[in-house]
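Open the model in a viewer and keep the selection panel at hand. The stops below run from the whole chain to single residues.

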Amino acid sequence: MRSRRLLPNLLPRLPKPTYLSAQIRQRSNLSAKSGHDAAESAAAADPARAVSLLAERNWFERINSEFAAPLRHLGPRFVVRALQQAAAEPLLCVRLYVWASRFGQHFARDRNVRRALGNALWRRGPVVLSSALVAEVQGCGCVISEELLCVLVESWGRLGLAHYAHEVFVQMPRLGLRPTTMVYNAVIAASVRAGAVDAAYLRFQQMPADGCCPDCFTYNALVHGVCRRGIVDEALRLVKQMEGAGIRPNVFTYTMLVDGFCNAGRAEDAVGVLEKMIEKGVEPTEATYRALVHGMFRSLGTDKAYRILSKWLESHPALHHRDAFHTLLYCLSKNDMAKEAVELVHKMSNKGYLLGNIMFGIVISCAAKCLELSYVCELVDDFIKKGGKPGFDVYILIIKSLLSCKDISKAQKYLSQMVSDGLFSSVTSYNMVIDCLSKADQVEMAKEIVKVMQESGFLPNLVTFNTLISGHSKLGNVHEAKAVLKMLMELGFMPDIITFTSLIEGLCHTHQLDDAFDCFNEMSKWGVRPNVQTYNVLICAFCSAGNVNKAIDLLNKMKMDGITPDVYSFNAPISSFCRMRKIDKAHKLFTDMLRYGVAPDSYTYNTLIKALCDERRVDEAKEILLSMESSSCIAANQHTYCEQCRVCSSLLRSVGSK
């Protein structure tokens, strides 16, 4: 019979969502159709159907029969969808690309089509250009095109198979192809990607003999290769050669040079490249500034990089280099340089630039860790005053900090600001604030947010009620927790493991252990299986009440129920036995813990060592101390070190007294 004290009778009502799916197979029809019929045929085309045809033996005839006519209306987008559908089978992707290429260059050279094919060949490849594959393609009346060869070469480079790309390149005449600048570029880029820069140079020098002229892509690939190796002077020589050939370096060329000089520790040269780039009318991109800022922080260290970059940025218009400012702020924030980040924000503000919400959130997250909370609040208030709108995460961060400092009135002010800014857009956003307030023991404020939530048209869900129950339970307000439980069930929700565990914790907190155990037993009647956290709450409560035998019974029941105990399940009874000076029972439980595969933590070791030292059982304490030193838990945190030092001192005193 269910407990009248806690849970009333309730039948769960769980609607099962239904899902209806159907695949429409396009009928084969090669006769002429009207525009209306063609449009309907195009709408009904299924990429999965096309892929299934590609897997058949007579794949070319089948797919040509069903999809040749509608492909004119479907366009490259359909080919991309089919390639993504067939991505697990790269050979099928090659077949699809070969077939689609017959219908025009806009299929073969479409950037999205080539990208989808390249991704499939790289992730699931390699697909080698075997004689069988060539014969299959030619047997369908198709050819291995220059575009397909370039995509294959690119995939081989990404897979580190540059040597194979060179072998195929040499045998191009057998495929009916001659070297072109595009093919050379593919082979050179594949070699660079695979780390074979020497082989890339060999092909580069061979280009004039085949009547091919290097272009900007060719030089950029080589510049990228030598910069990766740290040979930046050779990169400069290539750029000069490039300019001498009448080819203008582009933004990619300069960005790679900037990155190369930063990696080589030549920060001034990197800035010089950026200056030269601007002088020549090449607009830096966000990637250029990222390469400069991240490269300097990586090679020069945080302080020196900040000094050089801030000096350079101050001499240039802020609005022109907002990407550089953003990247510098990001690096400062990620390196916990809050003072410098705020200083840079003020400089930007004086030049008339207001940070965006995302970047402001990154800066505030850093400032909240390193600076005084009052100063952080001033930054937020100033940002709002200047027209900025902090994001949801910023408000949550500030409110949590204020609640931890018990500054309730200011926290309420920011909550009101969140409401006026319209940041509560879902039940989840409300639940996050309710959770924040409940954890800070401000359950009454949390209940007010629930009222605001309902007035705004959002209905509380099970997470909302569980959060309130947990908050009341931690404060020992079991009566209020039961009231929320009643409301939960009146709205048709079923209590879950979190509901029961929170209630049990509240009852234990108020020393109502009999009621807590009744609630624990009642869980099974509601079809809810206790987890390790539920057991741990009861085990700790019984240990605190001095009923360690009941705790051991629960520990044994947990094992019998197939629930794996954790270190907290054992720590409470071990600590209780040590306090009762029943060291042998504590040591036996410690041995059972190891045998069960549960790793002790620093608390377990320190509790046992201290108890053994107090009992003058020095040799046993030494064994456990050595075991602790060999385990990973010794490096957990500074408290562990301090505790270990204290225990070692106790051990030494025991040895001396002996």
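A contact here means heavy atoms within 4.5 Å. Among contacts between residues at least 6 apart in sequence, 63% join residues at least 24 apart. This is a predicted model, in which local features need pLDDT of at least 70 and side-chain atom pairs count only at pLDDT 80 or more, while totals for chains, interfaces and linings use all residues. Residues are numbered from 1 along each chain as its sequence is written, and side-chain values use heavy atoms, with hydrogens and water left out.

**Whole protein**

Show the cartoon. The secondary structure comes to 36 helices and zero strands; helices (H or I, at least four residues) and strands (E, at least two) are DSSP runs, numbered from the N terminus. Of the 658 residues, 48% count as buried. Buried means under 20% relative accessible area, exposed over 50%, and partly exposed in between, with a 1.4 Å probe and protein chains only. Switch to the surface: its accessible area is about 33300 Å², and carbon and sulfur atoms hold 53% of it. Accessible areas come from the Shrake-Rupley method with a 1.4 Å probe, and for residues only the protein chains shown count as cover.

**Helix 10**

Select residues 181–193, which form helix 10. Its 13 residues should span 18 Å at 1.5 Å a residue, and the end C-alpha atoms are 18 Å apart, so the two values agree. The expected span is 1.5 Å times one less than the number of residues. Colour the buried residues of helix 10: Val183, Tyr184, Asn185, Ala186, Val187, Ile188, Ala190, Ser191 and Val192. They pack against helix 8 (146–158), helix 9 (162–170), helix 11 (197–206) and helix 12 (216–228). Just after helix 10, check Gly195, where phi is positive at about 85°.

**The largest pocket**

Stay with helix 10, which gives seven residues to the lining of the largest pocket, the most of any contributor. On a 1 Å grid over the protein atoms alone, a pocket is an open set of points with protein on both sides within 12 Å along at least five of seven lines; a cavity is a set where a 1.4 Å probe fits but cannot get out; lining residues have an atom within 4 Å of a point. The pocket has a volume of about 890 Å³. Grid points are joined across faces, edges and corners, and a volume is the space filled by probe spheres set on the points.

Which residues lie nearest the centre of the largest pocket? Select Glu154, Asn185, Ala189, Arg193 and Phe217, from a lining of 26 residues. Two or more lining residues come from each of helix 6 (111–124), helix 8, helix 10, helix 12 and helix 14 (251–263). By class, the lining has 12 nonpolar, six polar and eight charged residues. Ala, Val, Leu, Ile, Met, Phe, Trp, Tyr, Cys and Pro count as nonpolar, Asp, Glu, Lys and Arg as charged, and the others, Gly among them, as polar.

**Two cavities**

The count comes to two cavities of 30 Å³ or more. The largest cavity has a volume of about 170 Å³. Of the 15 residues that line it, select Val345, Leu355, Phe360, Asp382 and Phe383, the closest to its centre. Helix 19 (338–350), helix 20 (357–370) and helix 21 (373–385) each supply at least two lining residues, and helix 19 gives the most, with five. This lining divides into 11 nonpolar, two polar and two charged residues.

For the second largest cavity, of about 50 Å³, select Ser310, Leu313, Glu314, Phe325, Leu344, Lys347 and Lys351. Helix 17 (302–314) gives the most to this lining, with three residues. The classes here are three nonpolar, one polar and three charged.

**Single residues**

Go to Asp336, in the loop between helix 18 (322–334) and helix 19. Asp336 is partly exposed, with a relative accessible area of 40%, and its phi is positive, near 60°. Most residues other than glycine have a negative phi.

Next select His511, in the loop between helix 28 (497–509) and helix 29. His511 also has a positive phi, of about 65°. Is His511 buried or exposed? His511 is exposed, with a relative accessible area of 69%.

Move to Glu522, in helix 29 (residues 513–522). Glu522 is buried, at 1% relative accessible area. The C-alpha atoms of Glu522 and Phe500 are separated by 9.2 Å, and the two residues are 22 apart along the chain.

Finish at Thr604, in helix 34 (residues 602–614). Thr604 is buried, with a relative accessible area of 0%. Leaving out residues up to four places away in sequence, Thr604 touches Val567, Asn571, Ile574, Phe590 and Met593.
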